[in-house]
Every structure is written in structure tokens, then in C-alpha cells.
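Q: I have a structure open and would like to talk it through step by step. Could we begin with a single side chain and work outwards?

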Amino acid sequence: MNTPPTNSGSVNISVTGSIQGNQVALGSAIHQQHTQATPPSPMDIEVGEFVELLRQIRAQATTAAQPEHRQVTLQWVDELEQAVTAEKPNPTRLARIKQWFLTYLPAVSGAVTSVVVHPIVGKLVEATGDALATDIRRRLEERLD
């Protein structure tokens, strides 16, 4: 319980009960704010890394493609993103996309391969129809928007 300051400028405070896990400040005109951050989960970290890979591929493809081929190249990047976040990721489709980049834009093919072999993609393919796949897709979509 707080007691207003007396003429001497002192503050009398009495705390009863357990204060374990709570903050207590003594004095006058004190303002406290407590924020507790939850550390990111390993899944969030993987999803974040994966989203960053997709962004890097888009940037590399934009830079590396000849101006007359840029639109087609970006369509392949879109297809890669869609193939990964599809209801049922298709390894054959991913391999076809990877092969296109190897053939037509080898400067970006290494990054595309990183996406195709990323642990998130493996988990999605393994967990198709599973709650884990739904959770991964949801996290990807949130970060890609």
C-alpha cells in the first residue's frame, strides 16, 4: 500500500504477501513499465531464414536477368514461392524450377537450390496434411505478406 509523502518528502511503503516475480520500486513519482519478450522459437527462426532466402532470390533474379527476360524470371521466382507454400508441396515441381534456373540463370541457381533443400521444405513435404505443415505454411504466409 502506498502512503502519500509527508512534509519531510519521505514515503512510507508497506508490502504484504508474496511479491515473487513482481517488481517493487520505492520512492516518489516513480513510473515503471515491464515488458517480457518471448524468445523466437526454432521454427520461427527457420521460417525467418527461409523467407529471407526467398527475398534474396527475388533480388538476385531481378539483378541477374536480362531486362527482356526479367518478367519471366520473376514468374519462376513466384512459382518457386507457390510451390513451397502449396497445400501439397511437390518435389518434382521444385526440381523442375531448380532445373530452369540452372539452365537459364545459373547465377541464381545456388540460392534456388538452398530453398529446395531447406529444412522447412523437407518438413512440409514430410508433413503434408499434418498440423505441422499447416503451422509452417501459416508462418510463411505471414512473413511473405
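Q: Is Tyr104 buried or exposed?
A: This is a predicted model. In it, Tyr104 has a relative accessibility of 57%, so Tyr104 counts as exposed, since the exposed class covers values over 50%.

Q: And Trp100, buried or exposed?
A: Trp100 has a relative accessibility of 15% and therefore counts as buried. The limit for that class is under 20%.

Q: Where do Trp100 and Tyr104 lie?
A: Both are in helix α3. They are four residues apart, which is about one turn of the helix.

Q: How many aromatic pairs are found in the whole structure?
A: A search of the whole structure gives three aromatic pairs. One of them joins Trp100 and Tyr104, with 5.2 Å from centre to centre and 35° between the planes, and this pair is tilted.

Q: What about the pair of Trp100 and Phe101, what geometry does it have?
A: The pair of Trp100 and Phe101 is edge-to-face. The ring centres are 5.0 Å apart, and the planes make an angle of 85°. Trp100 and Phe101 are both buried.

Q: Which residues do the ring pairs link into a cluster?
A: The cluster consists of Trp76, Trp100, Phe101 and Tyr104.

Q: Changing topic: how many helices and strands are there?
A: The protein chain has six helices and zero strands. Read from the N terminus, the order of elements is α-α-α-α-α-α.

Q: What share of the chain is buried?
A: Of the 145 residues in the protein chain, 29% are buried.

Q: And what share of the contacts joins residues at least 24 apart?
A: The share is 56%, taken among contacts between residues at least 6 apart in sequence.

Q: Back to the helices. What describes two packed helices?
A: Two values are used: the angle between the axes and the distance between the axes.

Q: What are those values for α2 and α3?
A: Helix α2, residues 70–85, packs with α3 at an angle of about 155°, and the axes are 10 Å apart. The two helices are therefore roughly antiparallel to each other, as angles over 145 degrees fall in that class. The crossing of α2 past α3 is left-handed.

Q: Which residues make that contact?
A: On the α2 side they are Val72, Thr73, Trp76, Val77, Glu79, Leu80, Gln82, Ala83 and Val84. On the α3 side they are Arg93, Leu94, Arg96, Ile97, Trp100 and Phe101. By class, the contact has 10 nonpolar, two polar and three charged residues.

Q: Thr73 is in that list. Which residues is Thr73 in contact with, leaving aside neighbours within four places in sequence?
A: Thr73 is in contact with Ala61, Ala65, Trp100, Phe101 and Leu105. Thr73 itself is in helix α2 and counts as buried because its relative accessibility is 3%.

Q: Now α3 and α4: at what angle do their axes cross?
A: The axes of α3, residues 91–104, and α4, residues 106–116, cross at roughly 160° and come within 7 Å. The helices are therefore roughly antiparallel to each other. The crossing of α3 past α4 is left-handed.

Q: Which residues form the contact there?
A: Helix α3 contributes Leu94, Lys98, Phe101, Leu102, Thr103 and Tyr104. Helix α4 contributes Pro106, Val108, Ser109, Val112, Thr113 and Val116. These residues divide into eight nonpolar, three polar and one charged.

Q: Take Ser109. Why does it count as buried?
A: Ser109 has a relative accessible area of 8%, so Ser109 is buried. Ser109 belongs to helix α4 and touches Phe101 and Leu102, not counting residues up to four places away in sequence.

Q: One more: what separates the C-alpha atoms of Ala95 and Val116?
A: The C-alpha atoms of Ala95 and Val116 are separated by 7.6 Å, while the two residues are 21 residues apart along the chain. Ala95 is in helix α3. With a relative accessible area of 42%, Ala95 is partly exposed.

How values were computed
Residues are numbered from 1 along each chain as its sequence is written. This is a predicted model: local features need pLDDT of at least 70, side-chain atom pairs count only at pLDDT 80 or more; totals for chains, interfaces and linings use all residues. Side-chain values use heavy atoms; hydrogens and water are left out. Axes are lines fitted to C-alpha atoms, for helices over the stretch in contact, and angles run from 0 to 180 degrees between N-to-C directions. Angles under 35 degrees count as roughly parallel, over 145 as roughly antiparallel, 65 to 115 as roughly perpendicular and the rest as oblique. A crossing is left-handed if the near helix is turned anticlockwise from the far one by less than a right angle, and right-handed if clockwise. Contact means heavy atoms within 4.5 Å. Ala, Val, Leu, Ile, Met, Phe, Trp, Tyr, Cys and Pro count as nonpolar, Asp, Glu, Lys and Arg as charged, and the others, Gly among them, as polar. Rings of Phe, Tyr and Trp (its six-membered ring) pair if their centres lie within 6.5 Å; planes under 30 degrees apart count as stacked, over 60 as edge-to-face and the rest as tilted. Buried means under 20% relative accessible area, exposed over 50%, partly exposed in between (1.4 Å probe, protein chains only).
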